[in-house]
Amino acid sequence: MARKVEVSNGWTDKIYYVTRISLLFAFVLVFFSEFNPARIFTQMNKNVSLLTAALSYNRLIVNIKYEINHNYIFSSDIHSLMLASALMVAGVAVMAAGACVSLGNLKMKRISNLITIGGSLITAGGFAKMLSTYALYKSIDAEIAEKIGFSMAVDSLPGVLYAMLGFAGLQFLCGVILVIFQPRPQSGEKCEMLTTYRLFLMFLPFIVLAFIFSYLPLYGWRYAFFNYKSGPGNLSMDDFVGFKWFRSLVDNAMTRNDIVRVMKNTLIMSGLGIATSWLAMAFAIFLSEIRNGPFRRIVQVFTTIPNFISWVLVYAIAFAIFSNQGFINNLLTQITGVAHNRLYLQEQNMLYLKMLLWGIWKGIGWSAIIYIAGISGIDQQLYEAATVDGAGRFQKMWHVTLPGLLPTYSVMLLLSVAGILSNGMDQYLVFSNAFTKKTLEVLDLYVYTLGIGAGKIPLSTVIGMLKTLISVTLLFAANGISKLVRSESII
């Protein structure tokens, strides 16, 4: 019988709650520009976070190039500022590692205490480095201000810098208290952790990635309420315009017409995709019926590979086949003896169907994988019973395989309905040209063109926000339909 891992060691374990909660706040502050303690110069870009300050020299100097070029600020000091930021970020990361280790038994907790102390010292080292850089320029700020007409160093260090120092001090103090007062592990004790905590730590990287790439970008929704222009400029309350950009979607006739056109394209393409979503399930069923194993694997590999080919290469293939000098025109020229220079890729007739067929060719093999996995999970006794009852191959497919896959198909269908406004932009971006743009411009491509191409960040942010809210609403609506029809929830 396995020895039980202790999970409590008296009052000292309560201290870990303090360190973990404070660490969570420090981890979040690393990503927000408003809480960047590295902004010690008045002209520095205020949209740079502590993590960016530690990683990107160009982003850090984007607003102070004049001062650097005229040697009012030395690039070596900017590198020192980057080093200080990197030490702070590294210190938070080390203390986060210590917090993870503290979920183990007493021996692991002792190790985590030392890690936490080390991380706090690294963070304090970053503070000292940043403080020395600020003190240097603060001492000569009055002299330089006479030459350039404004103060270069901020009046006082950002309060967040002292908050980071206080956080490091709190972690150091807790670590020392735990080292002194925590019970010592028994001699020969091995590092152990409860299975629940091990599973949590395995899942933790995905939680962090989901926060960074899925939830942290939602902070950019604030651009929808400001009169912001793309570039290195700073975002301030002077640019706050409230719901101006929301109203422009309705008040501006040109924008309103574009939204209607783009929504029509999006709904048509998504509708065609949903209407043909059963093809992946049918392909998986027929693929599973191939008795020759090597041939079945070859077919599956060759139908799955296109999913990993970028749409740029897919368009290159299409161009080689359907351009005015492509394979089709050359073949027709050789057959008929008459020159053919038809521009197939610029024709608008049946354009939605063409895009659908390209999408099916590229994704059907990949989409079928989940159904192939579902087929392998169907009870084989059902097939044996069907064989005893005299069912043939197609009857087994219809009465056993298909019903076994319907729950999976229902979930995938409902998720497709929830994401009806998100059909990507890569395919439509590479296939669009002056003749087909109005037909192929879906919502994602329109947001990209509006924000990145035209620089209308606030308006594109508004459209992206509304798209997200509508998608979430559709998801819950689809979940409600699933409860009514199948008595099962997908959320």
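Analyst: The largest nonpolar core has 42 residues. Those with the most contacts inside it are Phe41, Leu60, Ile73, Ile78, Leu81 and Met130. A nonpolar core here is a set of buried Ala, Val, Leu, Ile, Met, Phe, Trp, Tyr and Cys residues joined through side-chain atoms within 4.5 Å. Buried means under 20% relative accessible area, exposed over 50%, and partly exposed in between (1.4 Å probe, protein chains only).

Six helices each supply at least two residues of this core: helix 1 (12-29), helix 2 (50-55), helix 3 (57-61), helix 5 (75-101), helix 6 (106-139) and helix 8 (159-181). Helix 5 gives the largest share, nine residues. Helices are DSSP runs of H or I with at least four residues, strands are runs of E with at least two, and both are numbered from the N terminus.

This is a predicted model: local features need pLDDT of at least 70, side-chain atom pairs count only at pLDDT 80 or more, and totals for chains, interfaces and linings use all residues. Residues are numbered from 1 along each chain as its sequence is written, and side-chain values use heavy atoms, with hydrogens and water left out.

Now zoom in on leucine 60. Neighbours within four places in sequence are set aside; leucine 60 is then in contact (heavy atoms within 4.5 Å) with Met44, Val48, Ala53, Ile78, Leu81 and Met82. Ile78 and Leu81 are themselves among the residues with the most contacts in the core.

Next, the loop between helix 7 (141-148) and helix 8, where proline 158 is found. Leucine 157 lies in that loop too. Leucine 157 counts as buried at 7% relative accessibility. Beyond residues up to four places away in sequence, leucine 157 touches Ile40, Leu131, Tyr134 and Tyr162. Proline 158 is also buried, at 18%. Outside the four places on either side in sequence, proline 158 is in contact with Asn36, Pro37 and Arg39. Proline 158 and proline 37 are 121 residues apart in sequence, yet 5.5 Å apart in space, C-alpha to C-alpha. Leucine 157 and arginine 486 give a contrasting case: 329 residues apart in sequence and 60 Å apart in space, again C-alpha to C-alpha.

A search of the whole structure finds one cavity of 30 Å³ or more. The largest cavity has a volume of about 70 Å³. On a 1 Å grid over the protein atoms alone, a cavity is a set of points where a 1.4 Å probe fits but cannot get out, while a pocket is an open set with protein on both sides within 12 Å along at least five of seven lines; lining residues have an atom within 4 Å of a point. Grid points are joined across faces, edges and corners, and a volume is the space filled by probe spheres set on the points. Helix 1, helix 5, helix 6 and helix 8 each supply at least two residues of the cavity lining. Among the lining residues are Tyr16, Leu23, Met95, Asn113 and Gln171. By class, the lining has five nonpolar, seven polar and no charged residues. Nonpolar covers Ala, Val, Leu, Ile, Met, Phe, Trp, Tyr, Cys and Pro; charged covers Asp, Glu, Lys and Arg; the others, Gly among them, count as polar.

The largest pocket has a volume of about 980 Å³. Of its 34 lining residues, Gly273, Gly359, Gly363, Ser367 and Ser416 are the closest to its centre. Helix 11 (253-275), helix 12 (278-288), helix 16 (351-367), helix 17 (369-376), helix 19 (393-418) and helix 20 (426-431) give two or more residues each. The largest share, nine residues, comes from helix 16. The pocket lining has 18 nonpolar, 14 polar and two charged residues.

Helix 12 also has a buried side. Its buried residues are Ala280, Met281, Ala282, Ala284, Ile285 and Leu287. Their cover includes helix 13 (293-304), helix 16, helix 17 and helix 19.
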